[in-house]
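Thank you all for making the time this morning. I would like to take you through one model, going from the single chain to the way the chains come together.

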Number of protein chains: 2
Amino acid sequence: MILELADFHIQPGREAEFDAAIQRGVREIIARAEGFLGWQVHKGIDSPQRYLLQIRWRSVDDHMQGFRQSADYARWREIVAPFFARPPQVEHFDLLDASQD
Amino acid sequence: MILELADFHIQPGREAEFDAAIQRGVREIIARAEGFLGWQVHKGIDSPQRYLLQIRWRSVDDHMQGFRQSADYARWREIVAPFFARPPQVEHFDLLDASQD
């Protein structure tokens, strides 16, 4: 299992619309991808236009080859990209350590 | 409950040392702070010198007023700061939505 962290900065004043859009996009589109294991989305307190989308995938390839090359990726982008103030920053991570909870 | 995301970039070649240092620093120092609720640390696949430390706090004040103003904050910095290649980026977030798992 790996973690994708997508760091989004959206246009000021569109937070409520984007709150709904990102939840819909993940639940309706990304969640049906092969190798999708779970997700969290957080919104910024210090930076109210910043959102962190964390998705757990079975592998980097499930994200980059499977989902990114699928027609669903274009559908996902149609839902969220109109809100972006700049290109998202997306990287992959391995879990090193965590508390038991 | 809020999330602190600390984004670290360390010096190349010091990953194994930092793996041990960050785990020790959280377990021995941060975990005893008032309002600390849990943590995860991830290391970069695309960027091997990048680490994400996620800490759940009861409130932003528990982190910024409680922990950051305590002597333990200096002890934590002594453990991790020698590895940094640049100043960490630290922000706070509220959970918007997540899968049930």
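I will begin with the chain, then turn to the sheet, the helices and the contact.

Please keep in mind throughout that what you see is a predicted model, and that the values I quote are computed from it.

Let me start with chain A, which has 3 helices and 4 strands, and whose elements, read from the N terminus, follow the order β-α-β-β-α-α-β. Its radius of gyration is 14 Å, close to the 13 Å that the globule rule gives for 101 residues, so chain A is as compact as a globular protein of that length. Taken along the principal axes, the C-alpha atoms of chain A fill a box of roughly 35 × 35 × 20 Å.

Some of the pairings lie inside chain A. β2(A) and β3(A) run antiparallel and are joined by 7 bridges, with His42(A) standing opposite Leu52(A) in β3(A). β1(A) and β4(A) likewise pair in the antiparallel sense, over 5 bridges, and here the bridge partner of Leu5(A) in β4(A) is Glu91(A).

Other pairings cross from one chain to the other. β2(A) is joined by 5 bridges to β4 of chain B, residues 89-98, in an antiparallel arrangement, and Val41(A) stands opposite Asp97(B) in that strand. In turn, 5 bridges join β4(A) to β2 of chain B, residues 36-44, again with the strands running antiparallel, and in β2(B) the bridge partner of Asp94(A) is Lys43(B).

The helices also reach across the two chains.

Within chain B, α1, residues 15-28, packs with α3, residues 71-80, at an angle of about 170° and with the axes 9 Å apart, which makes α1(B) roughly antiparallel to α3(B). The contact is made by Ala21(B), Ile22(B), Arg24(B) and Gly25(B) on the α1(B) side and by Trp76(B), Ile79(B) and Val80(B) on the α3(B) side, and by class it has 5 nonpolar, 1 polar and 1 charged residues.

Finally, what does the contact between the chains take from each of them? It takes 28 residues from chain A and 28 residues from chain B. On the chain A side, the elements that give two or more residues are β1, α1, β2, β3 and β4, and the largest share, 8 residues, comes from β4(A). The residues on that side of chain A divide into 12 nonpolar, 8 polar and 8 charged.

Conventions
Residues numbered from 1 in each chain as written. Chains lettered and ligands numbered in written order. Predicted model: local features only at pLDDT ≥ 70, side-chain atom pairs only at ≥ 80, totals over all residues. Contact = placed C-beta atoms within 7 Å. Nonpolar A, V, L, I, M, F, W, Y, C, P; charged D, E, K, R; others polar. Pairing = 2+ DSSP bridges. Axes fitted to C-alpha atoms, helices over the stretch in contact; angles between N-to-C directions. Parallel < 35°, antiparallel > 145°, perpendicular 65-115°, else oblique. Rg over C-alpha atoms; globule rule 2.2 N^0.38 Å.
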